[in-house]
Amino acid sequence: MSSVLPSHACVVTAPDLWMEGSALEQLGRVARFDRCTRAVGMPDLHAGPGIPIGAAFAFEGVVRPLLVGGDAGCGVTVVGLPRLKGKVDAIERRVDAELRGPALPDAEPGALLAAAWRHGPVGLADVPGVPERFATLLRHTFARVCADGDVDPGPVPDAPELGRALGTIGGGNHFAEVSRVTGVADRATAKTVGLRPGAGVVMVHSGSRGLGRRLIDDWGDRVLEGPDQARYLRQLTGAVRFAQANRAVLVWRLLQALGAARPGRHGAAVDIVHNTVEQADFGEGERFVHRKGSAPAAAGQLTVLLGSRGTPSFLLRGTGEAGCLCSIAHGAGRKMARGEAVEKLRRKYTRAGLRRTALGGRVLCDDRDLLYAEHPDAYKKVGPVLQATVDAGAATLVCALHPMVTVKR
């Protein structure tokens, strides 16, 4: 590994954790970019299209949009449910019905886009045609979820059709899920967001639904300073807000399915962003920290390590470990490319069998190939990823989230 990585780059790993050689090569290549002062590969590190996924990079004075990628703002939102009623079969039916069709059919798409771009989730509350119950939830539960609330993101993109994408999951490893809390290790922290053993959780992993792709198409692999840098960062803020609003709509749809969409029936929203840029000082002066598929983990911050479908996810508490750029793995990390997984796993599993998990959960997915591409066998085991994260001192365990119904469509 030392021959691949320069001295200012490292990987958070463990002896029993597999690391892909091409991912290490990509990490080393990016670490050698001009003005990169630190590069950290997370335990879920895997190769992407030229840029590794599951990494964080610090740059002095410059911003590189390609290191954020085409899904700016991708992240996860978690909302706890002190009481989760109903058996898994009934929950599956209600969730399936609620997540079909348009989320906000009576609201004008351009108005939704503008509100989300400028104000994040809570901005949707004032859009005509948004249901009053949802508006109440937004003001109550999502009032504090807005990227850089005092930043003007600039003109709204000329793409009103993107407003129709709010409340949709997207492909790849994105999902919406109903889980149950198990294995509580830090009861005091879990209690702050309304979680206890046996409580429920709605969790959404999704992104900016085409908006981030528009940004990368505009900026490409440029190295930004000065006015261009400022303009990109403003636009990135708007894209992150849109992604947060998208997750808020999906959370609302799940809460509707569970009869918990009213204040008092659910806890606070925890939202973290995997693909973005933020400024930070780790004792060497201010740097631009680029996260590409890694979760923030500042001191005391609640964050999430995602399992693959059919395996637990974990709520963690960040420690602010500077050696990890205050970041952790965002998930288990792929060990098979999607095409390879489809080819290999369709010979091993039946499609019907993939709709039930080893943990007794249900999977709702209309895309046959996606069922195979996102099978847990295509990912690293999440246990060693969690252990490497804790051993590195980057975060501590709060509780596990056991999947009951997972939606991928």
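What follows covers a strand with its partners, then a helix crossing.

This is a predicted model: local features need pLDDT of at least 70, side-chain atom pairs count only at pLDDT 80 or more, and totals for chains, interfaces and linings use all residues. Residues are numbered from 1 along each chain as its sequence is written, and side-chain values use heavy atoms, with hydrogens and water left out.

Start with strand E4, residues 75-81. Strands here are DSSP runs of at least two residues (E), helices runs of at least four (H or I), numbered from the N terminus. E4 is mostly covered, with seven of its seven residues buried (under 20% relative accessible area, 1.4 Å probe, protein chains only). One side carries Gly75, Thr77, Val79 and Leu81. The other carries Val76, Val78 and Gly80. Both faces are covered.

Now look at the partners. Strands pair if DSSP finds at least two bridges between them. E4 pairs with E6 (residues 200-206) in the antiparallel sense, over seven bridges. There, glycine 75 stands opposite serine 206. E4 also pairs with E7 (residues 269-273), again antiparallel, over five bridges. Threonine 77 faces aspartate 271 in that strand.

Turn to the helices. Two packed helices are described by the angle and the distance between their axes. The axes of H4 (residues 132-141) and H7 (residues 226-257) come within 11 Å and cross at roughly 115°. Axes are lines fitted to C-alpha atoms over the stretch in contact, and angles run from 0 to 180 degrees between N-to-C directions. H4 contributes Arg133, Phe134, Leu137 and Leu138 to the contact (heavy atoms within 4.5 Å). H7 contributes Ala248, Val249, Trp252, Leu255 and Gln256.

Methods:
Buried < 20%, exposed > 50% of the residue type's maximum accessible area, 1.4 Å probe, protein only.
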